[in-house]
Amino acid sequence: MANIKPFKAVRPTRDKVSLVASRSYQSYTQAEREARLDHNPYSFLHIVNPGYKYDKEISGVARYQLVKNRYSEFKEDGVFTQDASPYFYIYKVVDRDNQVFNGIVGAASVEDYKNNIIKKHEDTIASKEVVFKDYLKTVGFNAEPVLITYPDNTEVSSIIKKKQEERAEYEFTTTYRDTHYLWLITEKEAISAIINAFNNIPTLYIADGHHRSSSSELLCLDCKEQNKTHNGTENYNYFMSYFIPESELKIHEFNRLVKDLNGLTKEEFLIQLDAIYRIENRGAIPYKPNKKHHFSMYLDGEFYSLHLRKSIYTFKNSLDKLDAQLLYNTILKPILGITDVRKNNRIDYLSGKKEIVSLVNKIDSGKFRVGFGMIPANIEELKSIADDGLKMPPKSTFIEPKLRSGVTIYEF
């Protein structure tokens, strides 16, 4: 049974939320970051990039303390206020393609994460976990929720639908033409109903935010050891999450770009591919696959379709059936010599949400030699891999929605 709870969010005032809310720091180019920092004193980027105030790049523990200082200043200046009581928050996004995402911001249990009630499908890097845990411990808050998906639930959906008949607390549109809405669930009956509904859900799945959740577990262990009066109800026993029904999750693929053919000529490479794929030259007309275990390939200005010869390939488990893993097992590792996709600098990734021309341009520029495309994984594949205790290779999924940082903040 999943254990979730409401919390007292720290939030921007209604008149400042559109100015405060930002994308993740890494998603901006340097020029974009500088423009926002130069012209918007309320941007959340000022908090996560505190060295800007001193025109200096600051990292490590010194940065963590400055992040905490900037955050405190936003609170002191009244940009942020904290809700008086614990609430759930309905967060809705309508993107520029008119895709609609509805979910609930609340707190997920670290115990559920430890006990595999909240299941994972991606590996995490231990060093990154520790770094982010130390960051969280110093700053004392989290402003970016973990994305967790749950089976569609009529009771939760009806609560969301009813609340959305009221005026939203927030409504703002970004420069990317995405519109964001937030409602507060303040009614005790509705809060109890949400808690009870999730208590009847046996398993939740992390869609995005594996490092954030694993770092929250480390943070909980640290705080528990140092708190002589620990009772399990403290905020550090939970982490902020965005709970979204499976039907509203949007999964995109990541295309693969490789810098060379591992010493092979084009002809030698194609001959090795022919052993396991049926290959058809599609010419210069862009081609995207539309079936599992089919890939597109762009090489020397031409597209190719690759269809797996199933009679000579055996799927041993749920992970082997994942196209990103299949590409690794049949091409990247045995032919192109990329054994460790996490560390090899010969491979790069491009979100399938981008137009195919982006892939073409990167290869035609000479930076990469060959590119591979696939169809997106689906939610059932993600769940099966998590259920089997297996882990997807990196960059197997690009998952939406992407929420804005600084709209709801969870203090430990």
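Which residues have the most contacts inside the largest nonpolar core, and how many residues does that core have?

A: Keep in mind that this is a predicted model. The largest nonpolar core has 66 residues, and F269, M297 and F372 are those with the most contacts inside it. Helix 11 (residues 323-332) gives the most to this core, with six residues. If you click on F269, you'll find that it touches M297 and F372, along with L261, L264, L299, I331, I335 and L336, leaving aside residues up to four places away in sequence. As a rule, nonpolar side chains in soluble globular proteins tend to be buried together.

There's another core lying apart from this one, with 56 residues, and I148, I194, L204 and C220 are among them. I194 takes us to helix 8, where the buried residues are A190, I191, A193, I194, A197 and F198. Looking down the axis of helix 8, you'd see those buried residues fall within an arc of 160 degrees, so they line one face of the helix. On the other side of helix 8, K188 and E189 are exposed. The length of helix 8 checks out too: its 12 residues (188-199) should span 16 Å at 1.5 Å a residue, and the end C-alpha atoms are 16 Å apart, which agrees.

H121 counts as buried because its relative accessibility is 0%, under the 20% cut-off. A polar atom of the H121 side chain sits 3.1 Å from the backbone oxygen of I206. Not counting residues up to four places away in sequence, H121 also touches others, including A207, H210, L382 and A386.

Now for the charged pairs: the structure holds 28 salt bridges. One of them joins E381 and K292, with the closest N and O atoms 2.8 Å apart. That pair links distant parts of the chain, since E381 is in helix 13 (residues 379-387) and K292 is in the loop between strand 15 (277-283) and strand 16 (294-299), 89 residues apart. E381 is buried, with a relative accessible area of 14%, whereas K292 counts as partly exposed at 25%. Elsewhere, salt bridges that share partners join R11, R14, D83 and E169 into one network. Within it, R14 and E169 form a salt bridge whose closest N and O atoms are 3.1 Å apart.

Conventions
Residues are numbered from 1 along each chain as its sequence is written. This is a predicted model: local features need pLDDT of at least 70, side-chain atom pairs count only at pLDDT 80 or more; totals for chains, interfaces and linings use all residues. Side-chain values use heavy atoms; hydrogens and water are left out. Helices (H or I, at least four residues) and strands (E, at least two) are DSSP runs, numbered from the N terminus. The expected span of a helix is 1.5 Å times one less than its number of residues. Buried means under 20% relative accessible area, exposed over 50%, partly exposed in between (1.4 Å probe, protein chains only). The arc is that of the directions from the helix axis to the C-beta atoms. A polar contact is a pair of N or O atoms within 3.5 Å; within protein, one must be able to donate a hydrogen and the other to accept it, and residues adjacent in sequence count only if both atoms are side-chain atoms. Contact means heavy atoms within 4.5 Å. A nonpolar core is a set of buried Ala, Val, Leu, Ile, Met, Phe, Trp, Tyr and Cys residues joined through side-chain atoms within 4.5 Å. A salt bridge is a side-chain nitrogen of Lys or Arg within 4 Å of a carboxyl oxygen of Asp or Glu.
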